[in-house]
Amino acid sequence: MLIGDEFYIASRKYLIDYGMRQLNGLGADHICKVCIQNGGSCCRACSYLVDGVGCLNRNTSCTSWLCGYLKLLFYKAGLIKEWNTFWKEVPGIDFRKDYTPPMVKMTKHLEVKHMRELGEALANDIKMKISKEKDNIDFIVLAGELDELIDEIGFACTSDIANQLIKRLNYLIKDFHAFKQILKSIDNRR
């Protein structure tokens with residue numbers, strides 16, 4: 001519900017649905033499916049996750065949270081800062097808990113991007129990585145490394161340290177060929 005040029009009022013449900021549209025617009029569901037099938041699901045211990053059904057009670061906290069692979073997706077799509085800024089305005093977000101009020105005053109808005117092929121390509125690269133490994137430990141460890149590294153890049157901004165961190169990131173994803181190919185084609189369309 002729009003109130004004025006400076007802010008709008010959004011329901012808690014709207015924020016969750018809106019976040020899911022943004023995630024699905026980037027193809028995050030492809031990545032989550034790979035993680036769930038290979039024991040890397042961030043939702044694994046959540047009481048609202050039911051085998052064969054999925055999430056029974058999605059909240060603002062789990063909608064806004066990005067694992068390392070989803071951070072990589074948003075970072076490379078150029079949307080990580082917008083995503084984080086949007087969710088910083090939402091009160092009541094806590095680890096797996098949601099204290100968000102029924103209605104929230106917002107000033108930020110995200111344009112839902114439609115780059116599902118980007119998430120699908122990353123998911124395919126992750127599947128290839130898993131298929132080459134004897135177990136899925138490296139796949140789970142890489143998610144954590146990406147998570148921390150992308151946060152460090154954000155903190156470092158445009159310094160020389162950031163450049164070194166970006167080089168490290170590019171090294172970690174050197175085998176993600178399909179993902180990098182889709183990124184090139186998206187960059188060419190911009």
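Colleague: Quick one to start: is E111 buried or exposed?

Modeller: Exposed, because its relative accessible area is 54%. The cut-offs are under 20% for buried and over 50% for exposed, with partly exposed in between (1.4 Å probe, protein chains only). Bear in mind that this is a predicted model: local features need pLDDT of at least 70, side-chain atom pairs count only at pLDDT 80 or more, and totals for chains, interfaces and linings use all residues. Residues are numbered from 1 along each chain as its sequence is written, and side-chain values use heavy atoms, with hydrogens and water left out.

Colleague: Thanks! Which residue does E111 meet in a salt bridge?

Modeller: K113, at 3.9 Å from N to O. A salt bridge here is a side-chain nitrogen of Lys or Arg within 4 Å of a carboxyl oxygen of Asp or Glu. K113 itself counts as partly exposed, at 24% relative accessibility.

Colleague: And how many salt bridges does that rule give?

Modeller: The count comes to seven. One of them pairs R12 with D98, whose closest N and O atoms are 2.7 Å apart. That pair links distant parts of the chain, with R12 in helix α1 (residues 12-25) and D98 in strand β5 (residues 97-98), 86 residues apart. Helices (H or I, at least four residues) and strands (E, at least two) are DSSP runs, numbered from the N terminus.

Colleague: What about K71, which partner does its side chain meet?

Modeller: D147, in a salt bridge of 2.3 Å, N to O. K71 lies in helix α4 (residues 68-76) and D147 in helix α7 (residues 137-156), so they tie together parts 76 residues apart in sequence. K71 is buried, with a relative accessible area of 11%.

Colleague: Changing topic: where does T60 sit?

Modeller: In helix α3, residues 60-64. T60 counts as buried because its relative accessibility is 0%. Beyond its neighbours within four places in sequence, T60 is in contact (heavy atoms within 4.5 Å) with R12, I16, W87, V90, I93, D98 and T100.

Colleague: How many bridges join β1 to β6?

Modeller: Four, and β1 (residues 8-11) runs antiparallel to β6.

Note on methods:
Two strands pair if DSSP finds at least two bridges between them.
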